Every structure is written in structure tokens, then in C-alpha cells.
Amino acid sequence: MKKTFIYSLLVITGFTSFTSCTSESDVEYPKAKTTLFVENFTDNTDGQVLNTNGWTNYAQAGTKKFTEEVYQDNGYAEFTSFGSGQASNIAWLISPAFDMSKQDGEKLVFQAAHAFLTSADNTLELMVSTDYDGNIANFNQSSWLSLPVTTPKPSNDFYEWVNSGEVDLSRFNGTLYFAFRVKGSGTNTSLDATYQIDNIRLYY
């Protein structure tokens, strides 16, 4: 009697243990990052005004724009106010449009470098907009938000590539543009640094 009870208990316990295992369909595996966009400026022509396909190169103040540069076969975007002769230079490099409703968890990374940066007022910023329509004629009717990001500091060596860190764009909906904005001066030598931008990647 006692042996029969123990055997029955073992059978029931074993069956319960077997049926309580997690099925494969219940396991959440980490998702691999999917790249939405990469820009390495590989088609650059050294020293020319940047006209990379899909990008808008806009001088908001003054006339200086981003240029295409190449060093040791590596292309990148560059901006400097040096030699402009203009008291204020504000330049924008605006990305193509991205539909943020098609995926979740979007992140952006890039690298930037500087030369002759001495003032915190000589800024490089990452900007985003969800109401810009892609027409530069309507630029002043759009709103742009500056996002926290790591950019080169005067303490960084000249031409040292600095990682931006992962910028979370997942809270934005609809059509999104991101942009790099540089503020400088061609008449104030403390504001005529050079900025370089490369290795841009948008993924989720």
C-alpha cells in the first residue's frame, strides 16, 4: 500500500514537472540590430561643397556650407568658419526623411572630430524635427529640437574621432529628419574651428 502510494506520487510529480517546462515559443530571444541607414560619405570629392545624395546642405547664417573631404581614402563631412570673413556662420547638414512608424526602438550613432576648437560657443549639435517637410524653402516654419550627445571638446586631440554615444530616437513618431548644426564665426578666431562628421548609423 505504501509502495503503491509513493510510486503514484512520483508519476504525478514527474508528469507535473514535465508539463510545466517553458515551451520554445515562450522564450524571448534578443533581437539583432537592424540597420535602417548608414552614411560614410564614401563618394566624396575632396574640397567640394557637399552634395551627398539625400542630404540637404544649408547655410542659415553666412554663406559657408559643409564640404566633402577625404583623408587616406576616408570620406567625411566637414565644416569650418575659417576664412569666411562673416561674423556669424550657422550651417546645417540635414538627413533624408525617416518613417518612424515602421519600427520601434530607433537609435542613432555617429563620430565627430575637431581641429582648433577653443570655445564652447563654437558648437556642433544634433537636431531633430518631425514637422520639417523636406523643402528648405519652408525651413523657418519647422521646429527643431537639440538632443544631448557627446561631441568633441577642446581637450580632445585634433582629428581624434569621438563616439557620439547611442542616441535614443524611439520616442519620435511620424516623419523624422535629423541634422548636424554648427555655429561659428569667420571674424572671431576663437569660433573658427573645424568639425568633421562620419560613420553615421541609424538602427533599431
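Tyrosine 159 lies in the loop between β9 and β10, where strands are DSSP runs of E with at least two residues, helices are runs of H or I with at least four residues, and both are numbered from the N terminus. The model is predicted, so local features need pLDDT of at least 70 and side-chain atom pairs count only at pLDDT 80 or more, while totals for chains, interfaces and linings use all residues. Residues are numbered from 1 along each chain as its sequence is written, and side-chain values use heavy atoms, with hydrogens and water left out.

**Overall picture**

The secondary structure of the protein comes to one helix and 13 strands, and along the sequence these elements follow the pattern α-β-β-β-β-β-β-β-β-β-β-β-β-β. Of the 204 residues in the protein, 41% are buried, a word that here means under 20% relative accessible area, with exposed meaning over 50% and partly exposed the range in between (1.4 Å probe, protein chains only). The protein exposes about 11800 Å², of which carbon and sulfur atoms supply 51%; accessible areas come from the Shrake-Rupley method with a 1.4 Å probe, and for residues only the protein chains shown count as cover. Among the contacts in the protein with a separation of 6 or more, residues 24 or more positions apart account for 77%, a contact being heavy atoms within 4.5 Å.

**Positive phi angles**

Most residues other than glycine have a negative phi. Tyrosine 159, although not a glycine, has a phi near 65°, and with a relative accessible area of 45% it counts as partly exposed. Asparagine 199 also has a positive phi, of about 55°; this residue lies in strand β13 (residues 194-203) and is partly exposed, with a relative accessible area of 31%.

**Aromatic rings and a charge over a ring**

The structure holds 18 aromatic pairs, counted when the ring centres of Phe, Tyr and Trp (its six-membered ring) lie within 6.5 Å, with planes under 30 degrees apart called stacked, over 60 edge-to-face and the rest tilted. One of them joins tyrosine 132 and tryptophan 144 in a tilted arrangement, 5.6 Å centre to centre and with 45° between the planes. Both residues of this pair belong to the loop between β8 (124-129) and β9 (145-147), 12 residues apart, and both tyrosine 132 and tryptophan 144 are buried. Ring pairs also link Phe37, Phe41, Trp55, Phe98, Phe110, Phe178 and Phe180 into a cluster. Elsewhere, arginine 201 lies over the face of tyrosine 203, at 4.4 Å from the ring centre; a charge is placed over a ring if NZ of Lys or CZ of Arg is within 6 Å of the ring centre and within 35 degrees of the ring normal.

**The salt bridge**

Side chains of opposite charge can pair when their charged atoms come close. The structure holds one salt bridge, defined as a side-chain nitrogen of Lys or Arg within 4 Å of a carboxyl oxygen of Asp or Glu. Glutamate 125 and arginine 181 meet in it through their side chains, at 2.8 Å from N to O. The pair links distant parts of the chain, with glutamate 125 in strand β8 and arginine 181 in strand β12 (residues 175-184), 56 residues apart, and both glutamate 125 and arginine 181 are buried.

**Individual residues**

| Residue | Relative accessibility | Class |
|---|---|---|
| Serine 84 | 17% | buried |
| Serine 129 | 2% | buried |
| Glycine 134 | 35% | partly exposed |
| Valine 162 | 11% | buried |

Serine 84 sits in the loop between β4 (74-80) and β5 (89-94), and a polar atom of its side chain lies 3.1 Å from the backbone nitrogen of glutamine 86. Not counting residues up to four places away in sequence, serine 84 touches Lys64, Asn89 and Gly186.

Serine 129 has its place in strand β8, and its side chain is joined to that of aspartate 131 by a polar contact of 3.0 Å. Beyond its neighbours within four places in sequence, serine 129 is in contact with residues including Ser142, Trp144 and Tyr177.

Glycine 134 is found in the loop between β8 and β9, and its C-alpha is 9.8 Å from that of tryptophan 55, although the two are 79 residues apart in sequence.

Valine 162 lies in strand β10 (residues 162-163), and its C-alpha atom is separated by 5.3 Å from that of glutamine 111, 51 residues apart along the chain. Leaving aside neighbours within four places in sequence, the contacts of valine 162 include Phe110, Gln111 and Pro152.

Conventions: Polar contact = N/O pair within 3.5 Å; in protein donor to acceptor, adjacent residues only side chain to side chain.
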